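Okay, thanks for making time, everyone. Let me put the structure up and then walk you through how it is put together.

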Amino acid sequence: MSDAPVRLSAWVHGYIQGVGFRWWTRSRALELGLVGYARNHRDGRVHIVAEGSRTAGEKLLELLRSGAVADRAGTPPPGRVDLVVESWEPARGDMTGFEER
């Protein structure tokens, strides 16, 4: 698996708004060295866009998909994730930091 920079787009479905999910996602992304954002949508989904190595993106997906997988402090993701739909493309390099939108 190459570690060339990639852009992950992940649509997260479940009970994830109003529970600290975007903050939790931001913290995990920054720990993994990713840049991007997590944004709430009116339909209840959260859209996550993250750029960095494919390895870091895959790890973020693993954390998003499994409530049983906790962060380094032992904190599981808040809320309930039912489904994560992902897509990948080459990194654009147009983001810095990781924002909650």
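**Helices on a sheet**

So, H1 lies across E1, E2, E3, E4 and E5, and runs at about 180 degrees to E5. Helix H2, residues 54-65, packs on the sheet too, touching E1, E3 and E4, with its direction at about 165 degrees to that of E4. Contact here is heavy atoms within 4.5 Å; axes are lines fitted to C-alpha atoms, for helices over the stretch in contact, and angles run from 0 to 180 degrees between N-to-C directions. Helices (H or I, at least four residues) and strands (E, at least two) are DSSP runs, numbered from the N terminus.

Quick housekeeping: this is a predicted model, local features need pLDDT of at least 70, side-chain atom pairs count only at pLDDT 80 or more, and totals for chains, interfaces and linings use all residues. Residues are numbered from 1 along each chain as its sequence is written, and side-chain values use heavy atoms, with hydrogens and water left out.

Now the sheet: it's open, with mixed pairing, in the order E4-E1-E3-E2-E5. Strands E4 (80-90) and E5 (98-100) are the edges, each pairing on one side only. Pairing takes at least two DSSP bridges between two strands.

How many bridges join E1 to E3? Eight, and the two run antiparallel; Ala10 partners Ile48, for one. E2 and E3 are antiparallel as well, over six bridges, with Gly36 opposite Ala50.
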